[in-house]
Amino acid sequence: MLTLRGEPFAGGKSRFSDELPVNPEVTAKVYVRIQAGTLLEPFLAQLDTGAAYSVLEPEIVEAIGASSDPGSPARLSVKGLEFDGRLIKIPITLLADEGVALSVDATVFVAANLPPGKNFLGYTGFLEAIRFAVDPQKNNFYFGPSS
Amino acid sequence: MTSKDVGRQDEQRFWMTMAPPPALSGLGSLTGNQGIALPGIGVAPARILQLGAIDLSGRALSTPRADVLISISETAGRFGSQNGSTVVPRTQSAGGQMAPQLQIAVARNPLNAQPEVQVDPAPPPDLSASAAPYLSLAKAMVEERNLLTARVLVRLALAEGHPDPESIRLSRIIGLPSVVISRAVDADRSSEYQWLSQFGRQHKGQWVAVVESELVAEAATLKGLLTLIKGSTGFAGSRRPFIHHFE
């Protein structure tokens with residue numbers, strides 16, 4: 001798929017969306033397609049290297065049966081608002097249009113009162129474990145396991 | 001081994017305010033379940049009152065209340081105590097060679113305005129709030145969103161020799177994620193993305209399930225949506241519906 005100095009870099013590729021309708025951001029973002037836990041239906045999550053943690057919205061956490069996981073207490077600030085929640089492990093799969101998908105045993109922040117429609121893939125606990133590259137002109141997202 | 005062996009980029013430093021304030025002479029080491037170990041003195045029981053991380057520029061050193069400064073760094077070396085620092089083994093490689101070690105050094109905060117107070121060994125202080133300082137520090141670091149530091153502290157807790165279930169559990173939660181190639185298959189969803197952009201405004205506040213350019217289900221809750229599409233098959237290209245929640 002992608003090589004770096006002759007060595008495999010990424011084995012999967014997917015097209016990403018750079019905007020979400022209804023509540024558009026001022027600037028373009030990178031929304032990649034994922035599966036979470038036992039939920040087979042794919043959905044979008046924003047790639048955010050600046051996010052403290054990965055985040056899944058409460059209804060998705062409930063759908064995959066992780067609402068009762070005690071995890072470890074944690075706090076997260078979203079747009080100036082503080083949310084008390086917890087960190088738990090959830091397998092998140094980056095889906096591929098071409099090549100192979102990648103499943104990450106991610107550390108995810110969950111809180112019952114998080115605003116809806118907010119799913120993020122953050123650096124710590126997710127992106128730090130993979131290799132990835134973005135082709136912004138073609139909206140392609142490349143990913144593979146970190147060697 | 002000297003401090004020259006330690007790369008600054010691998011160093012984690014903390015400050016702690018403890019009760020009673022430990023009297024430190026030179027370097028000591030933080031023990032996992034008792035307090036501060038001082039060379040030639042023994043263990044000074046202490047309870048953590050306040051803690052925080054120190055960035056590598058030392059800016060947080062301006063806090064005068066900190067009693068002790070703790071430096072934890074990764075380096076190569078053997079288990080033991082050297083120059084007032086404790087070296088804790090992390091892992092042993094399959095080839096029998098020692099992997100990088102964690103080196104811990106404790107020093108008195110030079111900016112602490114409090115006078116030194118000798119530790120009174122009797123009666124022993126209540127250590128229930130800090131039965132495992134590493135674990136307590138790790139949890140505090142998690143709450144402060146400093147996962148990288150928390151990982152180091154959990155490794156220290158596990159290296160104590162008697163890893164408790166809570167340390168093991170926290171280690172699993174905050175540890176570096178494992179990654180595996182998945183057999184999950186999907187297809188280009190450009191058609192679904194286009195549908196979201198084109199029709200999203202008509203479904204504000206709803207969960208939708210879309211296959212290619214067709215809306216297959218809509219509900220106010222994800223639970224309701226999944227009930228509607230449960231067991232549904234035969235979608236175009238054998239693909240599962242793509243779901244989205246419009247704010």
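On the other side of helix 4 of chain B, the residues B:Gln194 and B:Gln198 are exposed, where exposed means over 50% relative accessible area, buried under 20% and partly exposed in between (1.4 Å probe, protein chains only). The model is predicted: local features need pLDDT of at least 70, side-chain atom pairs count only at pLDDT 80 or more, and totals for chains, interfaces and linings use all residues. Residues are numbered from 1 along each chain as its sequence is written, chains are lettered from A and ligands numbered from 1 in the order in which they are written, and side-chain values use heavy atoms, with hydrogens and water left out.

**Helix 4 of chain B**

- Helix 4 of chain B spans residues 190-199, and its buried residues include B:Glu192, B:Tyr193, B:Trp195 and B:Leu196.
- Seen down the helix axis, the buried residues fall within an arc of 155 degrees, so they line one face of helix 4 of chain B; the arc is that of the directions from the axis to the C-beta atoms.
- An α-helix has 3.6 residues a turn, so residues three or four places apart point the same way.
- The cover over these buried residues includes strand 3 (12-15), strand 4 and strand 5 (39-48) of chain A, together with strand 11 (207-211), strand 12 (214-219) and strand 13 (242-245) of chain B.
- Helices (H or I, at least four residues) and strands (E, at least two) are DSSP runs, numbered from the N terminus.

**A:Gln35**

- A:Gln35 is found in strand 4 (residues 31-36) of chain A.
- A:Gln35 counts as buried because its relative accessibility is 14%.
- A polar atom of the A:Gln35 side chain lies 2.6 Å from the backbone oxygen of A:Leu40.
- Leaving aside neighbours within four places in sequence, A:Gln35 is in contact (heavy atoms within 4.5 Å) with residues including A:Pro42, A:Ile92 and B:Ala184.

**Aromatic pairs**

- Over all chains, a search of the whole structure finds five aromatic pairs, meaning rings of Phe, Tyr and Trp (its six-membered ring) with centres within 6.5 Å; planes under 30 degrees apart count as stacked, over 60 as edge-to-face and the rest as tilted.
- The pair A:Tyr53 and A:Phe109 is stacked, because the ring centres are 6.3 Å apart and the planes at 10 degrees.
- A:Tyr53 lies in the loop between strand 5 and strand 6 (54-55) of chain A, and A:Phe109 in strand 10 (residues 101-110), 56 residues apart.
- A:Phe141 and A:Phe143 form a tilted pair, 5.5 Å centre to centre with 35 degrees between the planes.
- Both A:Phe141 and A:Phe143 are buried.

**Chain B overall**

- Chain B has five helices and 13 strands.
- Of its 247 residues, 41% count as buried.

How values were computed. A polar contact is a pair of N or O atoms within 3.5 Å; within protein, one must be able to donate a hydrogen and the other to accept it, and residues adjacent in sequence count only if both atoms are side-chain atoms.
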